[in-house]
Amino acid sequence: MFEILDRRTTLTGNQIKILAAAIVGDALEFFDYFLIGFVLAFLIGPWKLTFGQSATVLMSSGIGAIIGAYLWGWLADRIGRRIVFIGTVLNFSIATGLLYFTPDNGWIYLAILRFFVGTGVGGLYCVDLPLVQEFVPSHKRGWVGGLVTCVIPLGVGLGAVLGAFVGTDQWRLLFAMGVLPALLVLLVRLWVPESPRWLCRQGRYDEARKSLAWALQVEPSDLPLPTAADAGPIIKTSFLDLFKYPRSLIVSWLGNAGAQTGVYGITLWAPALFVLLLKATPQEAAKMMIPLTISGFIGRVSFSYFSELLGRRIAGGLLGVGAGALTIMAGYHYDSTLFGVSAFWLLLIAAFFFADGGFAIVGPYAAEVWPSHLRTTGMGSAYGFGGIGKIIGPVGLALIVGSNNYLKPDVPLTQIPTAFVYLGCWFLMAGAVYYFVGIETRGKSIEQIDKELNATADVAASATIRQI
């Protein structure tokens with residue numbers, strides 16, 4: 001049955017609806033997630049927050065994302081993609097809305113609620129990409145998966161625009177607007193059916209045929225009734241099964257860890273660093289983030305194309321080398337100017353083409369390297385492991401610069417180069433893992449990837465038995 005899907009050369013209107021729901025979901029979830037960076041720029045002075053306190057607020061969502069990715073990803077393999085999609089959107093939207101009630105000097109309240117924002121964001125990211133990939137032809141999977149991630153910088157950009165125009169004492173309005181993604185639930189309920197591949201793996205063959213028929217806009221009777229041969233035998237997933245696929249584990253876990261550590265360390269601190277280093281106001285710092293998000297958007301569109309043109313391994317290597325080198329250069333030029341403009345800012349704009357743009361590879365690829373019965377569990381585990389980067393990225397910068405310093409414009413930051421070398425090396429590590437250890441999935445059907453991965457796992461299991 002899925003061979004009919006793979007022969008399609010264009011997307012139907014209903015497939016585009018599924019794609020649109022995932023695109024809007026990703027944009028709004030990261031709008032919610034990165035709001036804290038703009039809000040923090042308003043609070044660092046009046047609340048006299050130290051680097052350590054600020055880092056606690058920033059890293060709390062990273063801890064939540066780790067737990068959310070593991071939990072929601074596992075649930076999506078057990079109870080289905082659609083219901084988890086809805087649950088994660090409600091999770092991060094409600095938690096963000098509750099931040100509107102943050103009391104003055106309530107950085108602990110901020111940290112606690114940001115933890116719950118992170119659980120929802122980590123979960124949605126691990127379910128919407130696999131859901132879309134399971135509805136589109138194999139030859140469009142890389143491009144479509146990358147396209148879903150392309151709008152994430154626009155979500156950050158929306159936060160930048162709003163942050164640039166709210167008054168100094170109106171930062172709570174940003175959190176109130178964070179409830180808006182909950183409206184996406186209505187679109188999901190109206191547009192998105194359950195994944196036909198997930199249904200097939202549960203033995204619900206008639207429902208799987210109806211789901212795919214809806215996506216292809218044909219009558220169910222026009223499609224053959226699937227069998228176990230279409231999606232493999234019915235398998236109950238176990239988290240321990242991930243360790244049967246060591247190469248998938250290394251590539252997806254370390255690739256995510258490197259990319260997330262670098263990009264979250266930069267993005268969450270950037271507005272505050274613009275205030276601190278470049279003497280910008282919070283509103284000006286928010287405006288300065290807009291070119292970074294535009295560069296990230298262009299990068300994601302480009303890397304969506306690179307994933308099919310160059311393959312996943314080479315594109316992943318390009319992400320690591322480009323982002324790592326430019327990040328390190330930005331750190332060493334934090335106090336320099338170029339043509340009368342901050343070189344630090346210009347280099348970060350260039351770095352974001354690779355650092356943020358490369359997530360058009362990081363996310364979709366982390367789903368592709370796992371067999372179907374472990375797709376969201378594996379991607380959730382990778383995103384969750386990589387979520388360590390949401391902690392060690394911002395906290396690492398704070399510790400290197402000096403966690404006890406108050407964020408005041410007159411504080412010397414001579415350790416900025418070292419901090420950015422730290423972040424840049426994480427990007428370089430990710431690039432090396434993708435290029436040297438990566439599994440090439442370009443042009444392969446989901447069923448073909450499953451066959452190759454399971455054959456490798458069976459060989460490894462047989463070798464273990466013989467050794468025993």
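Q: Which helices each supply at least two residues of the nonpolar patch?
A: They are α14 (282–309), α15 (312–332) and α20 (416–437). Helices here are DSSP runs of H or I with at least four residues, strands are runs of E with at least two, and both are numbered from the N terminus. The model is predicted, so local features need pLDDT of at least 70 and side-chain atom pairs pLDDT 80 or more, while totals for chains, interfaces and linings use all residues. Residues are numbered from 1 along each chain as its sequence is written, and side-chain values use heavy atoms, with hydrogens and water left out.

Q: Which residues make the nonpolar surface patch?
A: Tyr305, Leu309, Leu310, Ile314, Leu318, Tyr435 and Phe436 make it, with an area of about 690 Å². Accessible areas come from the Shrake-Rupley method with a 1.4 Å probe, and for residues only the protein chains shown count as cover. Nonpolar side chains (Val, Leu, Ile, Met, Phe, Trp, Tyr) are joined within 5 Å, and like charges within 9 Å.

Q: Why does Ile314 count as partly exposed?
A: Its relative accessible area is 40%; buried means under 20%, exposed over 50%, and partly exposed in between (1.4 Å probe, protein chains only). Ile314 lies in helix α15.

Q: Changing topic, is Ser60 buried or exposed?
A: Ser60 counts as buried, at 8% relative accessibility. Ser60 belongs to helix α3 (residues 51–79).

Q: What is Ser60 in contact with, leaving aside neighbours within four places in sequence?
A: Ser60 is in contact (heavy atoms within 4.5 Å) with Ala111, Arg114 and Phe115. A polar atom of the Ser60 side chain lies 2.9 Å from the backbone oxygen of Ala111.

Q: And α16, how many of its residues are buried?
A: In α16, 10 of the 13 residues are buried, so this helix is largely enclosed by the rest of the structure. Among them are Phe344, Trp345 and Phe352.

Q: What caps the N-terminal end of α16?
A: Ser342 does, with a side-chain oxygen 3.3 Å from the backbone nitrogen of Phe344.

Q: How many residues of α17 are buried?
A: In α17 (residues 359–368), 10 of its 10 residues are buried, including Pro364, Tyr365 and Glu368.

Q: What about the chain in general?
A: Of its 468 residues, 61% count as buried, and the secondary structure comes to 21 helices and two strands.

Notes. Patches are made of residues with over 30% relative accessible area and no salt bridge: like charges are joined within 9 Å, nonpolar side chains (Val, Leu, Ile, Met, Phe, Trp, Tyr) within 5 Å. A salt bridge is a side-chain nitrogen of Lys or Arg within 4 Å of a carboxyl oxygen of Asp or Glu. A polar contact is a pair of N or O atoms within 3.5 Å; within protein, one must be able to donate a hydrogen and the other to accept it, and residues adjacent in sequence count only if both atoms are side-chain atoms.
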